[in-house]
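I opened the model today to look up a few things. My notes follow the order in which I checked them.

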Amino acid sequence: MAMREIVMHPNEVLEVECHPVEEFDKELHQLLDDMFETMYAAEGVGLAAPQIGIRKQVAVVDTREEEALELINPKIIKTSGKEVDLEGCLSFPGLFGEVERPYTVTLKAQNRFGREFKLKAEGFFARAIQHEIDHLHGVLFTEKVIRYVDPEQEGERESND
């Protein structure tokens, strides 16, 4: 495994459509392993391939609430509910904003061996999955922010109320 450099905004690779994965080989397995290592080192809960400069439909998610997830060629097929919550992004260090997303998502994707699977997720896990899938289509969370937030000031304000 190897740490990869996280691409920071502005960089055009973050805003373009990624290519579907067609070869499920050792190179893909290495990429997935490297992505997990990079995500954990950065203390993130998700990482998409374009965030390390690779235009492939590959993402990893680990919210520590569910099992770590590898998403290859993912597609959301159903959503329900709505929830507004705080999001950040490893490609935008220190930037946080409230984003409205579906509370529940059902998706289909492939694993590192090319086997298709279906998954239903909700809450924070669903939010992280949606955030990473957006990256694969060149969509950044900043395009969906309702209101930018300074988490430290929010915490101070809440404790002063």
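**Entry 1: strand β6.** I began with strand β6 (residues 104-110) and found 6 of its 7 residues buried, so the rest of the structure largely encloses this strand. Buried means under 20% relative accessible area, exposed means over 50%, and partly exposed lies in between (1.4 Å probe, protein chains only). Helices (H or I, at least four residues) and strands (E, at least two) are DSSP runs, numbered from the N terminus.

**Entry 2: ground rules.** The model is predicted, and local features need pLDDT of at least 70, side-chain atom pairs count only at pLDDT 80 or more, while totals for chains, interfaces and linings use all residues. Residues are numbered from 1 along each chain as its sequence is written, and side-chain values use heavy atoms, with hydrogens and water left out.

**Entry 3: confidence.** pLDDT is the predictor's confidence in each residue, from 0 to 100. I noted a mean of 94 for the protein chain, with 95% of its residues at 70 or more. Where pLDDT is low, the predicted coordinates should not be read in detail.

**Entry 4: partners of β6.** Two strands pair if DSSP finds at least two bridges between them. Strand β3 (residues 69-80) pairs with β6 in the antiparallel sense over 6 bridges, and Thr79 stands opposite Val105 in β6. Strand β7 (residues 116-122) also runs antiparallel to β6, joined to it by 7 bridges. Here I found Thr106 opposite Lys120 in β7. The hairpin of β6 and β7 has 5 residues between the strands, and Gly114 takes a positive phi near 90° there.

**Entry 5: salt bridges.** I counted a salt bridge where a side-chain nitrogen of Lys or Arg is within 4 Å of a carboxyl oxygen of Asp or Glu. The whole structure has 11 of them. In one, Arg112 meets Asp33, with the closest N and O atoms 2.9 Å apart. Arg112 lies in the loop between β6 and β7 and Asp33 in helix α1 (residues 26-41), so the pair ties together parts 79 residues apart in sequence. Arg112 is buried at 13% relative accessibility, whereas Asp33 is partly exposed at 25%.

**Entry 6: a second pair.** Arg127 and Glu87 form a salt bridge of 2.7 Å, N to O. Arg127 is in helix α2 (residues 123-136) and Glu87 in strand β4, so this pair ties together parts 40 residues apart in sequence. Arg127 is buried at 3% relative accessibility, and Glu87 is buried at 5%.
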